[in-house]
Structure formats: C-alpha cells, structure tokens
Amino acid sequence: MLDLVLTQTLNGLASASSLFLVACGLSIIFGVTRIVNFAHGSLYMLGGYLAFTLVTWLGPADPLGFWGGVILAVLLTGLAGVLIEVLILRRIYQAPELFQLLATFGVVLMLQDIALATWGPEDKLGPRAPGFRSFVILFDNRFPSYELFLIAVGPVVLGLIWLLFHRTRWGVLIRAATQDREMVSALGVNQRLLFTSVFAFGAALAGLGGALQLPREAINLHMDLSMIAEVFVVVVVGGLGSVTGAYLAAVLIGVLHAFGILVLPKITLVLVFLVMAAVLIVRPHGLLGKAGVEPRGHAGQLFLLRPADGAAKVFGLVALGMLVLAPLVVPDHVILTLTDLVIFAVFAASLHLLMGPGGITSFGHAAYFGLGAYGAALAVKWLGSPMEEALMLAPLMAGIAGAIFGWFCVRLSGVYLAMLTLAFAQIAWATAFQWVDLTGGDNGILGVWPSVWAVPKTAFYYLALAIAVIVIVALRVIIFAPFGYALRAGRDSPLRAEAIGLDVGRLQWAAFTIAAVAAGIAGGLFAFSKGSVFPTYMAIPRSVDALLMVLLGGVQTVAGPVVGAFAYMGLNEQLMKLTAYWRFVLGLSIVLLVVLFPRGLVGTWLYWRARRESAAQATAAA
Amino acid sequence: MPPVLETRDLAKSFGGVKAVDGVSFSAEAGRLVALIGPNGAGKTTCFNMLNGQLKPDRGEVLLAGKPITGLAPRKVWRLGVGRTFQITATFASMTVRENVQMALISHAGKSWRLFGRADQRRLEPANALLDQVGMTAQAERACGVLAYGDLKRVELAIALANAPKLLLMDEPTAGMAPQERIALMALTARIARQRGIAVLFTEHDMDVVFAHADSVLVLDRGRLIASGTSAEVRNDPQVRAVYLGSGATSGGH
Amino acid sequence: MQIDRRSFVAGTLALGVPQLVRAQGAGPIRIGEVNSYTAQPAFLKPYRQAWELAQEQINAAGGVLGRKLETVFRDDAGKPEDAVRHAADLATAEKVDIIAGGFLSNVGLALADYANQNKRLYVASEPLADALVWSKGNRYTFRLRPSTYMQAAMLVEEAAKLPAKKWAIVAPNYEYGQSAVKWFKELLLKARPDVTFVAEQFPALGRIDAGATVQALEAAKPEAIFNVTFAVDLANFVRAGNTRGLFEGRQVVSMLTGEPEYLDTLGAETPEGWIITGYPHADLQTPEHVRFRDAYKAKYNDYPRLGSVVGYETVQAIAAALAKAGSTDNEKLVDAFEGLKFGSAFGPIEFRKIDHQSTLGAYVGKSALKNGKGVMVDWSYRDGGKYLPSDDEVRKLRPAV
C-alpha cells in the first residue's frame with residue numbers, strides 16, 4: 001500500500017512538471033502584460049509538434065539529435081510568441097481589459113487549422129528520449145526513468161527562473177512590472193521590448209512543456225484546449241503572477257489527480273475544477289497571489305453610457321422591423337438561423353449585464369444557458385411539462401444556480417472571479433455529463449420539441465423573437481434604472497460606492513442572478529429550437545462564445561452584445577458552411593476585427609461619432 | 001448634547017507598527033477641525049477607522065453619542081457621515097450630475113429599483129448641490145474627463161448628498177492650485193456653517209489649515225500631540241519640533 | 001422585384017442565401033452529410049475521401065435512377081446542437097434528399113431525433129451508441145457500423161476462452177466507454193460466471209493521466225485487462241503500460257485497437273498479442289476488398305482506414321436503397337432500407353428490418369509488430385449479424401417505434 005502511495009506521488013509530480021512549465025509561462029505573461037493568453041495551450045501544442053518534426057528529422061536515436069530538436073522547438077515556439085506579440089497584441093494594449101483575450105482566442109482557432117494542415121490529422125507518438133528509454137525499480141514497481149527526469153525538470157526550471165528574476169536586470173524588471181506596471185513605464189524602460197521579450201519567454205516555456213511531452217504522450221490536435229483549461233486553473237490556484245505558486249499548484253493538482261484516480265476513477269473529469277473552487281473560496285487570491293496584481297478599476301477606458309439617441313433608436317427599430325418582417329421574405333433555413341441568432345443575442349445580453357455595468361468577467365456563463373436548457377428538458381422528460389411550463393422552469397433553474405454560484409463568486413474579483421465562474425460551470429457540466437440516470441450523460445436528453453402551435457419554424461421564430469425582445473429590453477431598462485447605475489457605480493469605484501451607502505457585493509450578487517435568469521431563458525428557448533440538450537451546452541466553448549459576442553460588440557455599450565451576437569455567430573455559421581478551414585478564417589477575422597475595432601463594433605462606432613461631434617463643436621466654437 | 005463626532009482611545013497597528021495609537025478627540029456641529037501631521041503620522045488610517053473602512057484594534061467612535069465603531073462604510077454613511085478621498089473617487093462612466101444623483105438615489109433608499117430612468121430621478125436636489133459647489137456648467141460632462149480640482153468639487157457635492165451630520169475630507173485640496181484651495185475650503189466652511197455640519201479634514205497646506213480650521217489636531221507617529229486653535233497649535237513647541245521642522249529639539253538632520 | 005427585395009433583406013441581415021432554389025427531379029440526388037470533421041479529423045478525413053470516391057464511381061457508372069449523386073458536407077465541430085442546425089439547414093436550404101453522417105454518439109442521437117421529428121431518413125454511418133437503434137431507435141434512422149454491443153460481444157467470445165478470472169477495465173469516461181464496459185461485463189459474466197472485476201479506470205476522454213492510471217491498474221494485480229480507450233488515450237496508455245510492464249504476463253482484450261486509425265499511431269510501441277477488433281487493410285485479399293483498396297489507393301495514394309470503409313459503404317447503401325425504392329421519397333426509402341441487402345468490401349450485408357442495424361461486421365485478431373509497425377494477425381471476419389441479441393431481446397430493447 002505504501003508502495004502505491006509513493007509511486008502515485010511520483011506519478012503526480014511527473015505530470016505536474018509539464019503543467020508547471022506551461023503555467024509559469026502564462027503567469028509571467030499575465031504578470032507583466034495583464035494579458036490572459038488563451039493561445040498559451042496552442043503554443044504548448046506547437047512546441048510538441050515542432051519537437052516531433054525536428055527530432056524525427058535530426059535523428060531521435062542520437063542524443064544530440066533528440067535534445068537538439070527539443071531546444072530548437074523551444075526556440076521556434078518562442079519566435080512564434082514574438083510574432084503573435086508584434087503582429088497582434090502590440091496593437092491592442094490600449095484596448096479595454098480582456099479585449100486581448102479575444103485576439104488570443106483568434107490565434108487559438110488559427111493555430112488549430114495550421115496544425116491540422118501542417119501535421120495532418122493523425123496523432124503523433126514521438127520517439128523515446130535517448131538515455132531515458134527504460135525504467136528503474138522504485139518501491140517494487142517499474143518507474144519510467146523519463147518520468148524521473150521530468151520530476152527534476154520542474155524544480156530546476158523554477159530555480160533557474162528564480163535566478164533569472166533575482167540576478168538579472170531583465171528579471172528584476174519583470175518582477176517590478178508584475179507588481180506595478182505604471183512604475184516601470186515611469187522608469188523609462190523600453191516597455192515594448194520588455195513586453196515582446198516576456199511574451200517570447202512565456203511562449204518558449206510553453207514550447208518546452210510541449211516538447212518534453214514528446215517521449216511521454218502522443219502529440220495531437222486536442223492538446224491545446226485540454227491543456228489551456230488546466231493551466232488556467234494552475235495559474236489561478238497558485239496566484240496570478242507567482243511562479244512559485246504555479247509550481248505548488250501544479251504539484252497539488254498533479255498529485256491529487258494521481259490519487260483521485262485510485263479513490264474515485266470518474267472524478268478526473270472535474271477534479272481540477274473542484275480543487276480550484278475550494279482554493280478560491282478559502283483564498284481569494286490563490287495560494288501565493290497578492291491582491292495588488294489585479295488590474296484595478298477601468299479608469300481611462302470608460303466613457304459615458306447614454307441611452308439611445310434618435311438615430312440609434314431609429315436604427316434599432318428598423319432592425320427589429322426587419323426581423324419581424326423577415327419570415328415574409330426569407331426562406332425557411334434563414335428563419336432557423338435567425339432563431340438561433342436572437343437566442344444568442346439574449347445569451348450575450350445576459351452576460352453583458354455582468355461584464356458591462358457589473359464589471360464582472362464570467363468565463364463560465366454557459367452554465368446558466370445550459371442549466372436553463374436542462375431545466376426545460378428535465379421538465380419535459382420527468383414532469384411531462386408542456387413547452388410553456390418548461391420555459392418557465394428554465395430560468396428558475398438557471399436563476400437558482402446563479403444565486404448559489406454568484407454568492408461565492410462576488411466575493412472575488414477580476415480574473416480570480418472569472419476562473420471561479422469557470423470552475424462552477426465545469427462542475428455543472430460534469431454533473432450533466434456524469435449523472436447519466438437523470439440527464440442521459442453525454443447522449444443528452446432528446447425529444448424536447450415545442451408545443452404543437454410552435455412547431456412551425458416561423459411560429460417558433462416569433463416566439464423566440466418576442467421573448468428575446470422582452471428580455472433584452474428588460475435588461476436595457478435595468479441598466480438605465482437606479483439598479484444599473486448602482487451596479488455601474490460599484491464597478492467604476494467600489495470605494496466611492498461603499499461610501500455612498502451602496503452594498504456592492506449584494507448588487508453584484510443580484511446582477512449575477514438576473515444574468516443567470518436571462519441566460520436560462522435563452523437556454524430554454526435553445527433547447528426547444530434544437531429539440532434536445534447536451535452537456536456541450538454548458539461546456540467551455542459555449543462560454544467562450546458568449547465572451548466573444550460581448551467583447552466583439554463592445555463591452556461598454558448596451559447595444560454591443562446584440563450586434564456582437566449577430567456578427568460573431570452569423571460569421572461562425574456562414575464560415576462553417578463555406579470552408580473546411582473555417583476555424584482559420586474565423587480566427588483571422590476575429591484578429592482583424594480586434595485590431596481594426598479595438599473598442600468592439602458598437603464601441604468603435606460610438607467613439608468615432610463622439611470624435612466627429614467634438615470636432616464639429618470645436619469648429620463651431622472657432 | 002453630545003458632540004457630532006467623538007473618538008475615544010482609537011488604535012490600529014499594521015504588522016506591529018502602531019499607525020494610530022490611542023487617539024481621542026471630538027468635532028462639533030458647524031465647525032471645521034483640521035487633522036494634521038507629517039507623512040505617515042496616521043491621518044488616513046484614522047480617517048479610515050472613522051468611516052468604517054478599517055476596524056480599529058481598540059477604542060470607540062461615537063456619532064452623536066452613538067457608537068459606530070466597526071460598522072461597514074455604507075452603514076456609517078447611512079447614519080449621516082459624508083466622505084471625500086485623498087485620491088478622488090467618482091464614477092467615471094457617469095456625468096457629474098449622475099454622480100450626485102446616484103448618491104441622492106442611494107440616500108433615498110431607491111438604489112435597488114429595477115425600472116425608471118435613474119438620470120430622471122432627484123434632478124432638483126442634484127442641481128441644487130451642483131449649484132452650491134459651482135459645477136452647474138459642467139453637469140453634463142463625464143467625470144472621467146474632469147480636471148482634478150473640479151473632481152474635488154464633485155466629491156464634495158456627492159458627500160453632501162446624504163445631508164450629513166459629519167463630513168470627513170481626506171486632503172480635500174491636494175493637487176489644486178493655491179487659489180482654488182482657499183476657495184474650496186471657504187466654500188466648505190460656508191456650507192458647514194449654513195447646515196451645521198461638523199467637518200474633519202486632513203491637510204498639508206498650512207495656509208489652508210490656519211485660514212479655515214476652527215481647531216487643529218496634530219498627529220505624530222500615531223499619537224495626538226497637540227490640539228487647540230490655530231494660534232495655540234502654531235506656537236506649540238512640540239508641534240514645531242516634529243511637524244513644522246525647526247529641527248531644534250530633534251538634533252538636526 | 002420580389003427576388004430583389006428578398007436578396008436585399010437577406011443581404012442586409014448578413015446571412016445570404018447560399019443556394020438558389022433548384023429544380024427538383026432532373027438534377028442530382030443530393031445527400032446532406034454532417035460530421036465532426038474538425039473535431040475528429042483522424043477518422044473523418046479518410047471517411048470523406050472514400051465517400052467522394054464512392055460517389056465518383058457511382059456517377060461514372062451513370063448514377064442512380066438516372067441521376068447523379070451529389071453531397072453537401074457540413075462540419076458540426078463535435079457539437080450535437082450544431083449538427084441539428086446543419087441537418088435542418090440541409091433539409092430546408094440545400095433541399096437535400098437524404099441526411100447521413102455522424103461520428104460521435106450524441107451527434108448521431110441528435111440527428112436521429114431530428115429525423116424522427118421531421119420524418120426524414122437519416123443514415124447513421126459511424127456512431128456506435130446502442131441507443132441509436134434500440135432504446136432511442138426510430139423508423140427513420142439506420143446505422144451502418146457495428147455497434148458498441150456488437151464489438152463488445154465479438155471480444156467477449158474471445159475473452160471467455162481465456163483462463164483469466166480477475167479482470168481490470170480501462171475505458172474513456174463517456175457514453176461509449178461506459179456502454180462498452182457494461183456490455184462486456186454483462187456478456188462475459190454470462191459466459192463465465194467465475195470471473196471478477198477487480199479494478200475500473202475511467203479517464204476523461206482525450207486526457208488520460210497514463211502513468212497514474214497504469215499504476216492504479218497494476219495495483220489491482222489483474223490477470224487480464226479490457227481496454228476501451230482509443231486514439232491519443234490509447235497511445236499514452238500503451239506507452240506508459242509498456243514501460244511499466246503492465247501488459248507483461250497479462251491478456252489484454254481491446255476495442256477498436258486494430259483499426260488503422262489507432263494502430264498506426266502506436267508504431268513500434270504496438271503491444272503484441274492483444275485481442276483486438278479492427279481492420280487488417282493490408283492483408284485482406286478478398287476480391288471485393290481488393291477492388292475497393294486499389295481504387296482508393298489509385299485516387300489518394302494512401303491505404304484505406306476503417307473510416308474509409310464506413311464512408312464508402314454508406315454511399316453504397318444509400319445508392320442501393322435509392323435503386324430499390326426507385327424514388328427519393330423518404331418514406332419509400334425507409335421501406336427500402338428495411339431489409340436492404342448489398343455487397344460491401346467486407347462481404348454481403350443487410351440492414352435488419354427489426355432494428356435498422358446493418359450486419360456489417362468487424363475483424364477480430366491479435367496485435368503484432370512487423371517492421372516496427374503495428375499489424376493485425378490471426379484475424380477472422382465476424383459477421384455483425386451473429387453478434388446481436390435474439391429478436392425477442394431486440395424487441396424489448398427497442399420499445400417505441
């Protein structure tokens with residue numbers, strides 16, 4: 001028994017190493033640039049593929065060929081990091097917070113198709129490492145010598161980074177920038193060079209993580225996304241910007257995983273997220289994180305939130321009129337698409353209440369969309385409810401979950417809060433996935449079809465449109481009502497908000513619940529429009545969709561999410577039909593949109609208009 | 001009648017450093033009390049304990065004779081304590097008027113209303129407050145783009161929105177031009193006397209202090225070392241030594 | 001004028017109308033094919049290639065019912081909700097006559113439910129879920145590939161002959177893995193009441209923590225192992241198991257491992273002597289298979305994978321059903337599919353009337369290493385029709401039709 005415990009600990013430490021390498025790169029990048037780099041998992045995958053190609057080319061049997069290939073792969077991944085930083089991110093550092101996340105997600109999509117086109121669809125099981133092909137006997141078990149090597153890599157890299165950070169000027173600058181970005185720019189440091197070099201360094205670490213997997217695991221096209229989720233967890237559990245914290249978190253998660261397998265084999269699906277939720281509830285800034293690392297406030301990025309003026313109202317009414325008249329002129333399949341789009345507009349608008357006025361980023365908003373869908377489907381399946389009743393239960397279920405999850409979430413802030421929402425979403429997802437008797441597991445619940453009157457596509461479209469208009473208008477009214485102002489007050493200046501008697505935590509909690517209810521309504525409608533529900537409704541990609549819609553439209557605008565939903569989901573759908581490499585084109589479109597419209601579509605429009613007006617005023621005054 | 005504000009033996013340490021150590025004083029309605037002292041004397045810590053942002057380790061804060069020690073800032077505010085901050089804190093995505101309206105809405109207990117346009121509420125009183133602080137002309141501008149001095153005026157208007165008994169002003173004139181400073185404090189003094197508000201403020205500019213404070217409290221290393229009228233404090237040898245920097249008793253630099 | 005306004009409105013909505021309404025009857029017969037191309041490229045690239053090959057061959061020979069076949073492919077990205085959206089879009093916008101495809105079980109089930117609701121024929125090519133033809137089976141859905149149950153039953157036949165009594169199990173944690181385990185245990189216990197199951201591991205799909213999983217299995221000291229992992233999980237499991245000696249002195253019975261999609265990845269790591277289901281593409285020399293293989297090689301300069309066979313035969317099945325029905329009317333096609341017989345690269349098969357499952361079988365053999373590559377040896381074809389429950393049981397399993 002003791003043998004097993006010791007061996008499993010070693011197994012956990014070995015998996016912790018690659019997790020740590022990727023995580024500390026992400027953490028350092030975040031610390032200095034405040035960018036949540038979604039493409040970090042893709043860089044890890046790139047490192048793996050590059051190492052596979054280079055090692056095979058240089059000769060895997062020869063130590064020089066193998067390790068030379070690994071080092072080259074690491075350098076090339078670092079170079080890819082430089083390209084991403086210089087070509088894309090550098091142009092959008094001034095954009096609102098998290099907008100860079102949108103760009104890095106575009107990079108994720110592009111790299112997925114680039115990898116597929118370059119390396120083909122087959123998994124690549126790389127060669128074993130020269131000198132570490134075999135095993136040693138440890139605790140009466142065979143233990144791969146390469147795993148021992150990996151166990152050593154973690155602390156060695158940690159030590160090297162420590163030396164780099166304490167013994168070189170560059171490292172000291174990184175530490176200083178992590179603590180206070182303004183101070184570093186005040187010191188007259190070449191910030192561009194610092195950011196580029198940091199991005200390259202972080203990318204190279206991710207590449208190293210990927211390259212070192214070569215003798216251990218098959219390199220494959222899903223490595224990016226399966227890694228990025230776990231790495232976010234590690235970074236957050238460790239504490240943003242803390243390299244040592246990242247190591248501790250990686251070890252904690254690696255070892256818990258190895259033991260989780262012994263005790264509850266099926267728990268591997270959610271274990272990391274359970275750990276993260278537990279850690280964040282007890283320690284709101286992770287194990288070793290400090291409160292100051294979070295970007296504070298939104299000063300300088302905010303502009304007045306004004307109700308729609310005449311022109312915008314006319315535009316909105318014309319758009320609505322077109323949606324109402326659409327079934328008269330467009331064919332059936334366009335109606336189906338429009339149905340999806342209006343549902344997504346509700347979903348995006350619900351997240352916007354949190355992200356815009358609330359200043360709360362949610363990485364797990366799909367949970368409420370999905371729970372709404374499941375609420376409806378479960379009502380149909382287990383209670384035999386008709387559609388009308390099920391559509392009432394959808395927001396109820398989502399709202400209850402939102403109230404429970406939100407209660408924990410609003411105690412946190414910034415990226416920590418966002419990651420806790422993700423953890424709850426993953427827990428909800430795993431419940432739907434694992435509780436087969438109730439939810440049908442990944443096969444979902446089928447036969448969630450609308451009532452007879454709503455079966456015709458046009459009828460259901462009008463139902464969805466009517467509900468969407470009501471919900472979106474209601475959210476708009478809320479935003480301009482005292483509650484919306486109070487929520488925004490809490491975002492703009494929590495200090496001032498508290499000092500004028502506003503209970504920011506409770507306001508945010510209420511906003512969280514309202515947003516969950518609205519997302520639940522969207523989810524319920526979606527269930528009936530598809531006739532079925534699946535755990536994918538609350539999986540990470542769905543949450544990412546919501547984020548992208550809101551960010552693309554413009555967080556600091558009210559019409560933004562609706563425009564973003566139509567733009568993003570419409571684009572997504574059309575591209576999927578047009579080309580097999582739709583991910584590349586979609587990713588490229590996102591990157592271009594981000595660079596061209598750094599305030600989001602609606603935000604940029606408002607900004608242009610405001611500039612024109614002030615210019616006109618200036619000429620009038622002169 | 002008890003004084004508007006009274007503190008008894010307030011103390012707070014951070015990691016063994018006594019930031020505030022046994023401070024007792026009081027403030028009367030309609031009078032301006034200045035809290036002065038060198039950097040790190042504990043002024044801001046003291047302020048933060050008064051409005052509930054920090055919990056004191058020891059001691060009591062009484063508002064009109066009732067203890068408010070350790071209450072959350074928003075509860076302290078509800079009891080009639082307005083506050084301005086050393087670094088201005090306003091709502092950058094709202095206009096000047098909306099900032100004041102927000103405070104008025106909160107004071108009226110309507111901040112949870114889910115419908116009805118917020119910018120149509122409490123217009124009259126908001127305009128009156130803006131008028132009082134001389135910000136009417138800029139009412140439609142976003143707070144995010146205001147000059148610093150104007151922000152301080154907005155803060156004053158916000159702080160007055162709950163018809164406070166007590167106004168806490170942390171460095172109200174920091175970052176303003178000398179003439180603006182005098183004007184703002186004159187305005188504050190006028191309002192305080194009109195409405196019978198007790199004002200406690202910290203200040204670096206001695207001209208401002210001696211021109212407007214009815215009484216002065218001097219803090220040094222967390223302890224109250226002197227209090228009295230401007231003239232008394234100005235002539236206190238201890239104050240001169242530690243604060244006004246004569247260097248005579250501290251042995252030179 | 002009318003058209004102008006339509007295109008104007010549609011254009012303004014940034015949606016576009018992809019295809020103009022096309023004349024029915026004279027043009028090609030259109031098939032709408034939905035699959036997880038970007039999510040599962042390893043299986044689906046060969047699948048699609050063979051699909052296009054089959055279509056080309058049929059069209060070169062004059063098509064079906066005097067019309068050419070034409071396919072509109074759509075990627076569902078692994079999301080069942082997107083698959084349903086595509087199906088509806090294909091049916092309404094593209095005016096396809098037949099809907100086919102699906103790799104993931106949940107995608108297949110979603111499409112089957114869509115088909116049932118809309119009374120459209122759905123030819124499920126690859127999804128393995130038993131529910132597709134049994135508990136959730138419906139009039140409009142037919143499935144080609146041998147189901148989870150069938151493949152498990154083929155392996156149980158061999159597993160029961162092994163002396164091993166203590167079994168351990170490793171399976172991906174989702175419906176396919178769970179079903180395979182359920183059937184394997186049930187059927188093996190029926191054949192061998194003396195066996196026990198001493199360990200079960202359910203790693204998350206695509207995310208196996210191979211070292212720790214192998215260690216956990218090793219700790220249970222089983223005499224034999226039933227493996228359901230595939231693709232990258234299989235590769236990682238095999239490598240960790242090889243180094244740690246998990247497979248030494250143990251029998252391993254493994255689902256799908258002999259399919260070239262998965263076996264090829266293993267390369268020199270291929271463990272020897274595993275009992276596996278799969279497809280021995282290089283050694284299968286029956287005339288019908290050689291014909292298929294040669295044609296595939298000629299067109300793509302590559303050998304076919306199992307996905308290729310499935311794609312190819314799905315088109316063949318559809319063509320045969322169209323010929324039999326003499327119409328593209330979906331009700332007639334459904335009737336034609338029931339009991340439809342045609343010749344496949346694996347030999348003659350039939351779509352059973354009782355549950356709409358085809359009798360396409362699989363090859364069961366042993367894994368071996370040849371020139372640093374994994375191959376199947378000692379294999380034999382198992383006719384799918386022989387590995388299905390009795391008709392009475394099937395009727396119980398397929399309640400509502």
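Modeller: What follows goes from confidence to the core, then to a helix pair and to backbone angles. This is a predicted model, in which local features need pLDDT of at least 70 and side-chain atom pairs count only at pLDDT 80 or more, while totals for chains, interfaces and linings use all residues. Residues are numbered from 1 along each chain as its sequence is written, chains are lettered from A and ligands numbered from 1 in the order in which they are written, and side-chain values use heavy atoms, with hydrogens and water left out.

Colleague: OK, what is the mean pLDDT of chain A?

Modeller: For chain A the mean is 89, with 95% of its residues at 70 or more, where pLDDT is the predictor's confidence in each residue, from 0 to 100.

Colleague: And where does pLDDT stay under 50 in chain A?

Modeller: That happens over residues 295-300 of chain A, for which the model has seven contacts beyond four places in sequence, a contact being heavy atoms within 4.5 Å. Where pLDDT is low, the predicted coordinates should not be read in detail.

Colleague: Switching topic, which residues touch the most other members in the largest nonpolar core?

Modeller: They are A:Phe20, B:Met102, C:Trp167 and C:Phe337, in a core of 422 residues. A nonpolar core is a set of buried Ala, Val, Leu, Ile, Met, Phe, Trp, Tyr and Cys residues joined through side-chain atoms within 4.5 Å, and buried means under 20% relative accessible area, exposed over 50% and partly exposed in between, with a 1.4 Å probe and protein chains only.

Colleague: Which helix gives the most to this core?

Modeller: Helix H13 of chain A, residues 332-355, with 16 residues; helices (H or I, at least four residues) and strands (E, at least two) are DSSP runs, numbered from the N terminus.

Colleague: How do H13(A) and H3(C) pack?

Modeller: H13(A) packs with H3 of chain C, residues 80-92, at an angle of about 155°, and their axes are 8 Å apart. H13(A) is therefore roughly antiparallel to H3(C), a term for angles over 145 degrees, with under 35 roughly parallel, 65 to 115 roughly perpendicular and the rest oblique.

Colleague: Which residues meet there?

Modeller: A:Asp332, A:His333, A:Leu336 and A:Asp340 meet C:Arg85, C:Ala88, C:Asp89 and C:Thr92.

Colleague: Last one, what is the phi of C:Asp378?

Modeller: C:Asp378, which is not a glycine, has a positive phi of about 50°. C:Asp378 lies in strand E14 of chain C, residues 373-382, and counts as exposed because its relative accessibility is 65%.

Methods. Axes are lines fitted to C-alpha atoms, for helices over the stretch in contact, and angles run from 0 to 180 degrees between N-to-C directions.
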